[in-house]
Amino acid sequence: MIGDIVETKQCQLKDPMDLFHSGHVVKICAPMVRYSKLAFRTLVRKYSCDLCYTPMIVAADFVRSAKARDSEFTTNKGDHPLIVQFAAKEAQVLCDAACIVCPFADGIDLNCGCPQRWAMAEGYGACLINKPELVRDMVRHVRNQVNNPRFSVSIKIRIHEDLKRTVDLCQKAEATGVSWITVHGRSVEERHQPVHYDAIKIIKQSMSIPVVANGDIKTLKDAENVHHLTGADGIMVARGLLANPAMFAGYEETPLKCIQDWVDIALEHGTPFTCFHHHLMYMMERITSKQEKKVFNVLSSTSAVLDYLSDHYGV
């Protein structure tokens, strides 16, 4: 059954909506703070990831500051299809941010799922699931002001304790023209509790637009199981891809070739050392002993990391 998900080695479709109508489950790299940047997106695309998101960007800062735009958003010709995720609470601000990225990306996503305290306190993220009219207004504004009809507008949500409220939110968003909805199958209060895949299934059955399932998917087999449990059109993965960027290509753990690819891509992109090193720590988690981790995790320069990889793995 894994054929469903792995059959298209690297999907050549560049339009996100075409991906959802391709007959295959869409394999998606989640928006991850600090991690899902251009270099990492380049890596996972080599290993059968169909669609990538940027890390969450605060729309107001992005619109106001050229410095924020330069540091938060980098892309290139091969970085497609690409969704830029924004945190926003005002329709026109989200719209302005969407218009800035429109020439360089394939769509935007409104974050309605981040449960972090700072985001909720600022009126961003998961508190928006309690404001369906505001979400509807933001989606409508972007739809009306971005001229490109192929530009997607999606939302990423968490679920309510009372699922009827979530279904209502999703149906209102659908009526406003949202392209697809990603559902993280936990409530705002839940962190490590089991994911409610049954809730994602109910949401999927209530919608006629694509629904993406997210939460606790660590292997290709998990992705396959969640697809069958929920009927979701896409599977979004965060930590599973950090631990194994080759996951969607069917590898059980990070292959050495993928580590070599990361080194090459990261050096080519001028990735800051901390980010370069952290990615390797995640990737090598399952393939190194406790003793090796103690040594590797405290290395403090790119040259020290390269020497270590060369000496121990021939990378």
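**Entry 1: helices 13 and 14**

I looked up where helix 13 touches helix 14. I259, W262, V263 and A266 in helix 13 meet C275, F276, H279, L280 and M283 in helix 14. I sorted the residues of this contact: eight are nonpolar, one is polar and none is charged. I note here that the model is a predicted one.

Next I checked how the two helices are set against each other. Helix 13 covers residues 256-269, and helix 14 covers residues 273-283. Their axes come within 11 Å and cross at roughly 170 degrees. An angle over 145 degrees counts as roughly antiparallel, so helix 13 is roughly antiparallel to helix 14.

**Entry 2: helix 11**

I turned to helix 11, residues 220-230. Which of its residues are buried? I found L220, A223, E224, V226, H227 and T230. I then looked down the axis of helix 11. The buried residues fall within an arc of 165 degrees, so they line one face of the helix. After helix 11 comes G231, and I noted its positive phi, near 75 degrees.

**Entry 3: T166**

Is T166 buried or exposed? The relative accessible area of T166 is 0%, so T166 is buried.

I then listed what T166 touches, leaving out residues up to four places away in sequence. The list holds I157, R158, I159, H160 and I203. With H160 there is also a polar contact, side chain to side chain, at 2.9 Å.

Conventions. Residues are numbered from 1 along each chain as its sequence is written. This is a predicted model: local features need pLDDT of at least 70, side-chain atom pairs count only at pLDDT 80 or more; totals for chains, interfaces and linings use all residues. Side-chain values use heavy atoms; hydrogens and water are left out. Axes are lines fitted to C-alpha atoms, for helices over the stretch in contact, and angles run from 0 to 180 degrees between N-to-C directions. Helices (H or I, at least four residues) and strands (E, at least two) are DSSP runs, numbered from the N terminus. Angles under 35 degrees count as roughly parallel, over 145 as roughly antiparallel, 65 to 115 as roughly perpendicular and the rest as oblique. Contact means heavy atoms within 4.5 Å. Ala, Val, Leu, Ile, Met, Phe, Trp, Tyr, Cys and Pro count as nonpolar, Asp, Glu, Lys and Arg as charged, and the others, Gly among them, as polar. Buried means under 20% relative accessible area, exposed over 50%, partly exposed in between (1.4 Å probe, protein chains only). The arc is that of the directions from the helix axis to the C-beta atoms. A polar contact is a pair of N or O atoms within 3.5 Å; within protein, one must be able to donate a hydrogen and the other to accept it, and residues adjacent in sequence count only if both atoms are side-chain atoms.
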